[in-house]
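Please read this report with the sequence and the 3D structure open beside it. The report takes up a few topics in turn.

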Amino acid sequence: MKINELARKLGISTRTIRFYEQNGLLPGVIRENNRYRVFNDEDVWRLQTIIALREAGMTVKDIREVLESESAHHAVTDRERLRYYLELQQALLAGQWLEMRRMAETTSQMLELLQKEQELPLQEFFELAQQARQLRELRHNWRDHWNFDQRAEEHDRHVHTDHTAYPGYDEVLTHTAASVRAAQGERGLDLGTGTGNLAGRLLAQGANMAGIDQSREMLKQCRSKFPAMDVRMGNLLSIPYDDRSFDFVVSSFAFRYLAEQELPLALAELQRVLKPHGRICITDTIPENTENSTLARLLQDWLEQHDYMLQRTSPYTGVFTLLAVPIRVSS
DNA sequence: GTTCTTACA
DNA sequence: TGTAAGCA
């Protein structure tokens, strides 16, 4: 098949096909004597894959990486690799989606200012822009954390042996799940679910569980342990779920990794995916030393300021569980 | 007439 | 990625 016919069939331009070839997405295209390209079924298949991934918003560079490693491996790993890249893409888009939304909001705020101020509110514009920029930076910088965890296979052993990082692990999780009191069919989200140990307990209570984690290996382990769970790649600053999706959100041993400036953003994200009267249950360590204890306090303050009623318990030495239930405001 | 490469937008 | 030029 020559290039024109192929382009017509796939609904793309010949230029695009040549461009893909030039960028290494179509290796080994055969030439006729007159130097015309001839495409075989394999090429067609690859091109269809490329078009699909482009439609998902993947860059040509990313697609090349997906496809390159593909031919070298077997069918199972191909599937996994594809899945991994698509999940990465999903997480990326979740962040961009939030960014777009924030831009729309900023625009509205600027219009409002313009409406009600006498003079041009240039100073206010500038301040708005500064805030927006900081948010973007925070989200953006997170990307560097991705893929850091190659030790997921040992994770479940690790939580039982490292008593400093995970004091009283099983008891703590059981206590957390008990505090939540999931009702049959409720929809819950576990932030930083790891291998799903907390989510699994809530699953057992009859809840419909979803979870996010940054580590692909964790996701893999979690899926094999709890096939019923909906697990996605993501982080606390851009959660890849729709607004008001969950009756409750839980998290264990995850918030401690947040920097102080990140906490408000993470909580705003949490609140976004939570239903209006949803509850929150966060379990974590409180190191007595300065840094993270302020994090715990900030967490509590934020929740109180946002009309949650708090119940704080300590299921184990050095661990706290915060159950936050919204105070119903009659309107 | 079709495709190719190269250059520019 | 579109468009155009100059070739084979």
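## Helices and the overall model

A helix here is a DSSP run of H or I with at least four residues, and helices are numbered from the N terminus. Helix 1, for example, covers residues 3-10 and holds both lysine 9 and glutamate 5. These two residues are 4 residues apart, about one turn of the helix.

The model is predicted. Chain A contains 12 helices and 9 strands. Its C-alpha atoms fill a box of roughly 80 × 65 × 40 Å along the principal axes. Chain A has 331 residues, and 44% of them count as buried.

## DNA strand B

Which residues are around DNA strand B? They are Lys2, Ile3, Asn4, Arg18, Arg31, Arg35, Tyr36 and Arg37. Sugar and phosphate make up 85% of the atoms of DNA strand B that come within 4 Å of the protein. By class, the residues of this surface are 2 nonpolar, 1 polar and 5 charged.

A polar side-chain atom of arginine 18 is 2.7 Å from a phosphate oxygen of DNA strand B. For arginine 31, the distance from a polar side-chain atom to a phosphate oxygen of DNA strand B is 3.2 Å. Tyrosine 36 has a polar side-chain atom 2.4 Å from a base oxygen of DNA strand B.

## DNA strand C

Around DNA strand C are Ser13, Arg15, Thr16, Phe19, Tyr20 and Arg54. Helix 2, residues 14-22, gives the largest share of this surface, with 4 residues. The surface has 2 nonpolar, 2 polar and 2 charged residues. Among the atoms of DNA strand C within 4 Å of the protein, 40% belong to sugar or phosphate, and the rest belong to bases.

Polar contacts are found here too. Serine 13 has a polar side-chain atom 2.6 Å from a phosphate oxygen of DNA strand C. A polar side-chain atom of tyrosine 20 is 3.4 Å from a phosphate oxygen of DNA strand C.

## Salt bridges

By the rule used here, the model has 17 salt bridges. One of them joins the side chains of lysine 9 and glutamate 5, at 3.7 Å from N to O. Glutamate 5 is partly exposed, with a relative accessible area of 34%.

Arginine 101 and aspartate 243 form another salt bridge, with their closest N and O atoms 3.0 Å apart. This pair links distant parts of the chain, since arginine 101 is in helix 5 and aspartate 243 is in the loop between strand 5 and strand 6, 142 residues apart. Arginine 101 is partly exposed at 29% relative accessibility, and aspartate 243 is partly exposed at 27%.

Lysine 275 forms a salt bridge with aspartate 247, and the closest N and O atoms are 3.1 Å apart. Lysine 275 lies in strand 7 and aspartate 247 in strand 6, so the pair ties together parts that are 28 residues apart in sequence. Lysine 275 counts as partly exposed at 33% relative accessibility, whereas aspartate 247 counts as buried at 18%. Salt bridges with shared partners also join Arg101, Asp243, Glu269 and Arg272 into one network.

Is arginine 272 buried or exposed? Arginine 272 counts as buried because its relative accessibility is 13%, and buried means under 20%. This residue is in helix 11, residues 262-273. A polar atom of the arginine 272 side chain lies 2.9 Å from the backbone oxygen of isoleucine 239.

Arginine 256 is in the loop between strand 6 and helix 11. Arginine 256 is also buried, with a relative accessible area of 14%. Its side chain has a polar contact of 3.2 Å with the side chain of threonine 285.

## Exposed loop residues

Leucine 120 lies in the loop between helix 5 and helix 6, and is exposed with a relative accessible area of 63%. Leu120 belongs to a nonpolar surface patch with Leu111, Leu114 and Leu122. Together the four residues have about 430 Å² of accessible area.

Alanine 228 is in the loop between helix 10 and strand 5. Alanine 228 is exposed, with a relative accessible area of 60%. From alanine 228 to arginine 81 is 147 residues in sequence and 22 Å in space, C-alpha to C-alpha.

Notes:
Residues numbered from 1 in each chain as written. Chains lettered and ligands numbered in written order. Predicted model: local features only at pLDDT ≥ 70, side-chain atom pairs only at ≥ 80, totals over all residues. Heavy atoms only, no water. Near = heavy atom within 4 Å. Polar contact = N/O pair within 3.5 Å; in protein donor to acceptor, adjacent residues only side chain to side chain. Nonpolar A, V, L, I, M, F, W, Y, C, P; charged D, E, K, R; others polar. Patch = residues over 30% accessible without salt bridge, like charges linked within 9 Å, V, L, I, M, F, W, Y side chains within 5 Å. Areas by Shrake-Rupley, 256 points an atom, 1.4 Å probe, with all protein chains shown as cover. Buried < 20%, exposed > 50% of the residue type's maximum accessible area, 1.4 Å probe, protein only.
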